[in-house]
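This report describes the fold, the helix packing and selected residues of one protein model. The sequence and structure are shown first.

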Amino acid sequence: MNNDVLNMNRFGRYLMTDIKNAIARYGISFLIMATICITGYLLVGFFTMIVGAGWYSLEVAPRSTILGITLIVLTITAPAKIYGFITDKKEGSSFLMVPASSLEKVLSMIIVCCVIVPFAFFAIYLSLDQILCLIDSRCGDSLIIAINNGQTVLSDIFKKASLETQNIIPDYSIMTSPWMYADDLAEGFLIFLLGALLFKSSKPAKTIGCLILISIALSMITTPIIMHGAVERFKEAAASNMSPEEIFESFPFISWSMKHAVLMDCITDTVVNLGLAIAIYFRVRKIKH
């Protein structure tokens, strides 16, 4: 490939610099969120001791809730904190002058936001949670064990499903794998990265506002269309005494999507992520101050 577009040596150097800058801009906030399992455990324990209830050890349910909330906050704030400066006239102009192509800059952004940040977060968070559970057995299972147990339980539920359900929805057990949702997590980071590059202020809030407006607009467009077709089909099914499976099969696209849920999920997420990546590339390439 043309060296002006993608030079691996130059890209490697730029990526390392980008990682260092990301640590400088977001390192403290990241560490606070990655270690919040310990902080939450200590705060709750000390509080219950102060009120005379003895030391309370956080069990797996509240720890899972804390993890989910923290991950949402990380997804929303990390892109804006790390790359939000690009829309600033002074710092953004310096960014544009960096001797690297737009493609290299965008690839570095995607690697930092979608790979390094979430991987480092889970590595630190889950490791600390495991250590916490080893030190205090009253905390119960670690999140790693809980996730594995939850996956096993859900897989058993799908395996025990009735024959009719299996005909409509084949083996869904693969959907219980946490790795199935890596592309969904990347999608979240890409959405807020694009928002950080589009808006000059209140980046996360404006991105969330746009997501809400887009969701409302899509619902207003698609719901009447889907409902009109669905009502007609259900009326026909009721008149002809069709079985549940036959009713399901009368909606070809829906039945195909349900039977190939994993493939459908991968295709839709890949298309959306590619679209977001392309939008980010053109925003970086055309940005002006």
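Is the crossing of H3 and H8 left-handed or right-handed? The crossing of these two helices is right-handed.

## Overall architecture

The model is predicted. Its secondary structure consists of 12 helices and zero strands, and from the N terminus on the elements follow the order α-α-α-α-α-α-α-α-α-α-α-α.

The protein has 289 residues, of which 35% count as buried. Among contacts with a separation of 6 or more, 72% join residues 24 or more positions apart.

## Packing of H3 against H8

Two packed helices are described by the angle between their axes and the distance between the axes. For H3 and H8 the angle is about 35 degrees, and the axes lie 8 Å apart. As stated at the outset, the crossing of H3 and H8 is right-handed.

On the H3 side, the contact is formed by Leu-71, Leu-74, Thr-75, Ile-76, Ala-78, Pro-79, Ala-80 and Tyr-83. These residues meet Leu-185, Gly-188, Phe-189, Phe-192, Leu-193, Ala-196 and Leu-197 of H8. By residue class, the contact of H3 with H8 comprises 13 nonpolar residues, two polar ones and no charged ones.

## Nonpolar cores

The largest nonpolar core contains 42 residues, and the members that touch the most others are Leu-74, Tyr-83, Met-109, Phe-121 and Ile-280. At least two core residues come from each of helix H1 (8–34), helix H3 (60–83), helix H5 (102–135), helix H8 (182–198) and helix H12 (261–286). A second, separate core has five residues, including Tyr-41, Leu-58, Leu-132 and Cys-139.

Leaving aside residues up to four places away in sequence, Ile-280 touches Val-106, Met-109, Leu-190, Leu-193, Leu-194 and Leu-197. Of these contact partners of Ile-280, Leu-193 and Leu-197 also take part in the contact of H8 with H3.

How many disulfides does a search of the whole structure find? The search finds zero. The cysteine sulfur closest to that of Cys-133 belongs to Cys-139, and because the distance is 5.2 Å, the two are too far apart for a bond. Cys-139 is likewise in no disulfide, its nearest cysteine sulfur being that of Cys-133.

Cys-133 is buried, with a relative accessible area of 9%. Cys-139 has a relative accessible area of 1% and is therefore also classed as buried, the cut-off being under 20%. Cys-139 is one of the members of the second core.

## Individual positions

Most residues other than glycine have a negative phi. Ser-202, by contrast, has a positive phi near 45 degrees. Ser-202 lies in the loop between H8 and helix H9 (203–240) and is partly exposed, at 47% relative accessible area.

Another serine, Ser-177, is placed in the loop between helix H7 (163–168) and H8. Ser-177 counts as buried, with 16% relative accessibility. Its C-alpha atom is separated by 9.0 Å from that of Ile-147, 30 residues apart along the chain.

Ala-24 is found in helix H1. Its relative accessible area is 68%, so Ala-24 is classed as exposed, for which the cut-off is over 50%. The C-alpha atoms of Ala-24 and Ile-82 are separated by 8.8 Å, and the two residues are 58 residues apart along the chain.

Key:
Residues are numbered from 1 along each chain as its sequence is written. This is a predicted model: local features need pLDDT of at least 70, side-chain atom pairs count only at pLDDT 80 or more; totals for chains, interfaces and linings use all residues. Side-chain values use heavy atoms; hydrogens and water are left out. A nonpolar core is a set of buried Ala, Val, Leu, Ile, Met, Phe, Trp, Tyr and Cys residues joined through side-chain atoms within 4.5 Å. Buried means under 20% relative accessible area, exposed over 50%, partly exposed in between (1.4 Å probe, protein chains only). Helices (H or I, at least four residues) and strands (E, at least two) are DSSP runs, numbered from the N terminus. Contact means heavy atoms within 4.5 Å. Axes are lines fitted to C-alpha atoms, for helices over the stretch in contact, and angles run from 0 to 180 degrees between N-to-C directions. A crossing is left-handed if the near helix is turned anticlockwise from the far one by less than a right angle, and right-handed if clockwise. Ala, Val, Leu, Ile, Met, Phe, Trp, Tyr, Cys and Pro count as nonpolar, Asp, Glu, Lys and Arg as charged, and the others, Gly among them, as polar. A disulfide is a pair of cysteine sulfur atoms within 2.5 Å.
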